[in-house]
Amino acid sequence: MTMDCNIVEEEQLVDHSWRPLGLEPTIQNVVALLNLDCKLDLKAIALRARNAEYNSKHFAACIMRIREPKTTALIFASGKMVCTGAKSEGDSKVAARKFTRILQKMGFPVHFKDFKIQNIVGSCDVKFPIKLERLCHFHDGFSRYEPELFPGLIYRMAQPKLVILIFASGKIVISGAKRREETYAAFDNIYPVLAEYRRGKKVTSLNPIQFKSESNEVPPQGYVSSPH
Amino acid sequence: MTEMHCPECKTQTEVVFDHSAGDTVCSECGLVLEAHSIDETSEWRTFANESGDTDPVRVGAAYNPLLSDGGLSTVISKPNGAQGDFLSSSLGRWQNRGSNPDRSLIQAFGTIAAMAERLGLVPTIKDLANEIYKKVEDLKSVKGRNQDAIYAACLYIACRQEQMPRTVKEICSVTNGASKKEIGRAKEHIVKLLEVETGKSMEMGTIHAGGFMRRFCSTLNMTNQEKKAASEAVVKSEELDIRRSPISIAAAVIYMISQLSTDANKIQLKDISNATGVAEGTIRNAYKDLYPHASKIIPDWFAKEDDLKNLSNP
């Protein structure tokens, strides 16, 4: 983990005492924004480059793809560019540089300005099934769970501010972080919550609902049929 | 024949009631004792097959607090026969031309009422849906979206809040031109809006299969025993790790229960599919997931162990 000068803030976000060993989110996608600082002729780019497509009626940007790192760039006429599909921050920057090189070779006076990572998407598997309904019930302010519309629970974490998709299988997707550390911090924050609502867990005194039997979790009739 | 005291005859005399004049007349001397009696029987009779424009009702709609003027104002209607008389036909046009702040509300209430009627919902839910729509309309952020989706979403939210949930597919079936996706998006948008506005969360709670069981079972004409067994089975199934939508699980449980009943009234997969809105293939797959746990969820009083062996293995 790269340590910045913001180390003090990182410590506040990450609860190190709970870090589960060997389990950390894998980064799946990094989205970055870039300013090329020069007006571009998208029609010309689409005609000259082999790997570019431009359909002005469909979308106002030229879509260019490169094979290594496997990424896609949306290039706008104003000179702004969005680079998506990279698996790490470093790869994203390398890919962005490659795109600017391609445009430079075409003859446009581009500059590599204001490279900023806007979104990092990570996924992880906690390897146990989760009771989404209970989680939604007890974290009502943060969760949205509509099984009819989407099978995952949408958890909007406040600190760090990002969105976590939690599925009943135990797989989670963490999206919206601007830095890798935020993704890890979010995972550290959500792991104890997920563990608490694990399916098949024996009832402990931590659970606020009192059950009659100790061995199997049987939600009382009242809870199931009358949501609060 | 009634008897009243006649002041002329000074005794109790038989009295005749003349309906045509409304007079109470003494039969001995002919003195009119009471005149202008008010007939309190009904003025007219209304039949179901009569057309709407000859309706003699003089009373309008009830006071509606959601509309800006209560909905009590009078509207000049088009004159009968549409004469060329300038004044009477123009007055109506001029009144309607003036901006009516409630026009969109009235249209919305009408559409919501029609949808609620088609679903057979109680007026409580319809009124709640109207209130939700009014709150949303005041915030003015839903002008762009598909209005039918907004009306449908208000109705959906109202049903959920009154603990009588309707599946999105059911609501979709009574709208004209709103897809499940649009209604879902509209519903999320409205819920977020209202939570930010009012500061407190909408008490909706997640949907459970149990909430829909009674309705689905009634539609399929299941016996009370089967209904009870199905409700219990669904409650028990919630502990199992079955990763399917609650509606699909409900449909699969109904299928299982109906398979266990006597041969005469086995419900077909097609009928369950129509009643619940779940596709036949999905019911079969959910049944496949549910089958291994059959003994755990089906109550003992309904079917013994060996009956469960009769269940068709998917």
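Predicted model: local features only at pLDDT ≥ 70, side-chain atom pairs only at ≥ 80, totals over all residues.
In chain A, 10 strands form an open sheet in the order 2-3-4-5-1-6-10-9-8-7, with antiparallel pairing. The edges of this sheet are taken by strand 2 (52–54) and strand 7 (143–144) of chain A, each of which has a single partner strand, so that one side of each is left without a neighbour in the sheet. Helix 5 (residues 180–196) of chain A packs on the sheet, where it touches strand 1 (26–35), strand 6 (113–125), strand 8 (153–157), strand 9 (162–166) and strand 10 (171–177) of chain A. The direction of helix 5 makes about 140° with that of strand 10 of chain A.

Strand 1 of chain A pairs with strand 6 of chain A in the antiparallel sense over 8 bridges, and A:V31 has A:N119, in strand 6, as its bridge partner. Strand 1 of chain A is also joined to strand 5 of chain A, the two running antiparallel with 5 bridges between them; here the bridge partner of A:L33 is A:V82 in strand 5. Strand 5 (residues 80–86) of chain A pairs in turn with strand 4 (residues 71–76) of chain A, again in the antiparallel sense, over 4 bridges, and in this case A:T84 of strand 5 is the bridge partner of A:T72. In general, strands of a sheet pair through backbone hydrogen bonds, either parallel or antiparallel.

Chain B contains an open sheet of 4 strands, ordered 1-2-3-4 and with antiparallel pairing. Strand 1 (2–6) and strand 4 (32–34) of chain B stand at its edges, and each has a single partner strand, so one side of each is left without a neighbour in the sheet. From one strand to the next, the twist averages 50°. Strand 1 of chain B pairs with strand 2 (residues 11–18) of chain B in the antiparallel sense over 5 bridges. Within strand 2 of chain B, the bridge partner of B:E3 is B:E14, while that of B:M4 is B:T13. The hairpin made by strand 1 and strand 2 of chain B has 4 residues between the strands, and in this hairpin B:K10 takes a positive phi near 60°.

Turning to the contact between the chains, 21 residues of chain A are in contact with 29 residues of chain B. The area buried between chain A and chain B is about 2,100 Å², and carbon and sulfur atoms give 50% of this area. Between chain A and chain B there are 5 salt bridges, among them one in which the side chains of B:K187 and A:E146 meet, at 2.4 Å from N to O. The count of residue pairs in polar contact between the two chains, both at pLDDT 80 or more, is 11. On the side of chain A that touches chain B, the elements that give two or more residues are helix 4 (132–138) and helix 6 (221–225) of chain A. By class, that side of chain A has 10 nonpolar, 3 polar and 8 charged residues.

Over all chains, the structure holds 18 salt bridges. One of these is formed by the side chains of A:D37 and A:K113, at 3.6 Å from N to O. Because A:D37 lies in the loop between strand 1 and helix 2 (42–48) of chain A and A:K113 lies in strand 6 of chain A, the pair ties together parts that are 76 residues apart in sequence. Side chains of opposite charge can pair when their charged atoms come close.

A:D37, found in the loop between strand 1 and helix 2 of chain A, has a phi near 65°, a positive value in a residue other than glycine. A cis peptide bond joins A:E68 and A:P69, with omega about -5°, and A:P69 is found in the loop between strand 3 (61–66) and strand 4 of chain A. A cis peptide bond also joins A:Q159 and A:P160, where omega is about -5°; A:P160 is found in the loop between strand 8 and strand 9 of chain A.

Note on methods:
Residues numbered from 1 in each chain as written. Chains lettered and ligands numbered in written order. Heavy atoms only, no water. Pairing = 2+ DSSP bridges. Contact = heavy atoms within 4.5 Å. Axes fitted to C-alpha atoms, helices over the stretch in contact; angles between N-to-C directions. Buried area = accessible area lost by both parts, 1.4 Å probe. Salt bridge = Lys/Arg side-chain N within 4 Å of Asp/Glu carboxyl O. Polar contact = N/O pair within 3.5 Å; in protein donor to acceptor, adjacent residues only side chain to side chain. Nonpolar A, V, L, I, M, F, W, Y, C, P; charged D, E, K, R; others polar.
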